[in-house]
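User: Please take me through this model in short questions and answers. Keep to what can be computed from the atoms.

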Amino acid sequence: TTLLRKPLVGFQICTASLVFIGVVITIQQVNLFFGKKLGYNKDYVVSVQVPRDWTPKGVQHMLTVRNELEKLPEATNVSLTYSVPNGMSAGSTMVFAQGRDSSQAVAMETITTDENYLAVYSIPLIAGRYHRHLSDSLGIVVNQSAVSALGFKTPGEAVGQTAFLLGRFPVTILGVTRDFHFGSMKQSIRPLLMLNVGLTNIYRVL
């Protein structure tokens with residue numbers, strides 16, 4: 001009995017230690033999930049799928065619906081967009097800055113949305129401005145990571161510069177947002193650009 005007691009006590013201590021370590025790790029993961037700053041505000045944001053008429057007329061109709069919803073006392077801001085910050089973007093776009101060539105193009109996560117997107121998610125703009133209306137369709141807004149990837153030293157330097165969307169056309173960088181977690185927190189924040197819904201005419205949700 002004495003011979004068995006010591007191994008059993010040792011086994012119990014090891015098991016208890018493993019359980020304790022597991023609990024600590026789980027608590028840290030939960031705190032990270034609920035407490036880590038994402039770079040945007042997700043509280044009280046509701047998204048709803050909408051019918052898709054991917055034509056200029058369809059976009060204009062949905063923007064009218066958006067404007068009517070904004071008049072409701074329960075709504076602060078409403079945005080028409082293809083993507084919400086859940087990692088499901090509209091894919092990636094190859095982009096390079098003027099003065100470089102297409103071999104230096106950088107893959108950027110792409111969000112197609114309207115001028116209300118930053119307001120809905122309280123995403124800070126750190127340089128320049130955001131889209132104001134459909135007439136800004138040839139302007140893009142990028143995040144801080146995109147500024148570095150395009151070869152600019154500061155967000156302010158990037159504003160007003162011309163960039164090229166590979167296989168498309170030149171666009172103007174209107175502004176720069178602070179980096180925010182669009183995808184998984186397991187990955188570092190990637191370069192990201194925002195296109196105006198008036199340019200691509202694709203959307204999925206309000």
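User: Is Arg66 buried or exposed, and at what relative accessible area?

Analyst: This is a predicted model: local features need pLDDT of at least 70, side-chain atom pairs count only at pLDDT 80 or more, and totals for chains, interfaces and linings use all residues. Residues are numbered from 1 along each chain as its sequence is written, and side-chain values use heavy atoms, without hydrogens or water. Buried means under 20% relative accessible area, exposed over 50%, and partly exposed in between (1.4 Å probe, protein chains only). Arg66 is therefore buried, with a relative accessible area of 5%.

User: Which residue forms a salt bridge with Arg66, with the closest N and O atoms 3.3 Å apart?

Analyst: Side chains of opposite charge can pair when their charged atoms come close. A salt bridge here is a side-chain nitrogen of Lys or Arg within 4 Å of a carboxyl oxygen of Asp or Glu. At 3.3 Å between the closest N and O atoms, the partner of Arg66 is Glu115.

User: How many residues apart are Glu115 and Arg66?

Analyst: Helices (H or I, at least four residues) and strands (E, at least two) are DSSP runs, numbered from the N terminus. Arg66 sits in helix α2 (residues 56-70), and Glu115 in the loop between β2 and α3 (117-121). The pair links distant parts of the chain, and the separation is 49 residues.

User: Which residues make up the salt-bridge network that includes Arg66?

Analyst: The count of salt bridges comes to four. Glu115 is bridged to Arg66. The linked network consists of Arg66, Asp114 and Glu115.

User: Where does Glu109 lie, the salt-bridge partner of Arg190?

Analyst: The side chains of Arg190 and Glu109 meet at 2.6 Å, N to O. Arg190 is partly exposed at 38% relative accessible area, whereas Glu109 counts as buried at 16%. The two are 81 residues apart, with Arg190 in the loop between β6 and β7 and Glu109 in strand β2.

User: What is the closest N and O distance between Lys71 and Glu68?

Analyst: Lys71 is exposed, with a relative accessible area of 61%. Glu68 is partly exposed, at 45%. Their salt bridge has its closest N and O atoms apart by 3.1 Å.

User: Which residues have the most contacts inside the largest nonpolar core?

Analyst: A nonpolar core is a set of buried Ala, Val, Leu, Ile, Met, Phe, Trp, Tyr and Cys residues joined through side-chain atoms within 4.5 Å. The largest one has 19 residues. Those with the most contacts inside the core are Val142, Ile173 and Leu193.

User: Which residues does Ser145 touch?

Analyst: Ser145 is in helix α4. Ser145 is buried, at 17% relative accessible area. A contact means heavy atoms within 4.5 Å. Not counting residues up to four places away in sequence, Ser145 touches Asp179, Ile189, Arg190 and Pro191.

User: Which residues are closest to the centre of the largest pocket?

Analyst: On a 1 Å grid over the protein atoms alone, a pocket is an open set of points where a 1.4 Å probe fits, with protein on both sides within 12 Å along at least five of seven lines; lining residues have an atom within 4 Å of a point. Grid points are joined across faces, edges and corners, and the volume is the space filled by probe spheres set on the points. The largest pocket comes to about 550 Å³. Of its 24 lining residues, the closest to the centre are Tyr44, Val45, Val46, Asn77 and Val120.

User: What is the relative accessible area of Tyr44?

Analyst: Tyr44 lies in the loop between α1 (2-35) and α2. Its phi is near 60 degrees, a positive value in a residue other than glycine. Tyr44 is exposed, with a relative accessible area of 86%.

User: What pattern does the protein follow along the sequence?

Analyst: The secondary structure comes to six helices and seven strands. Read along the sequence, the pattern is α-α-β-β-α-β-β-α-α-β-β-β-α.
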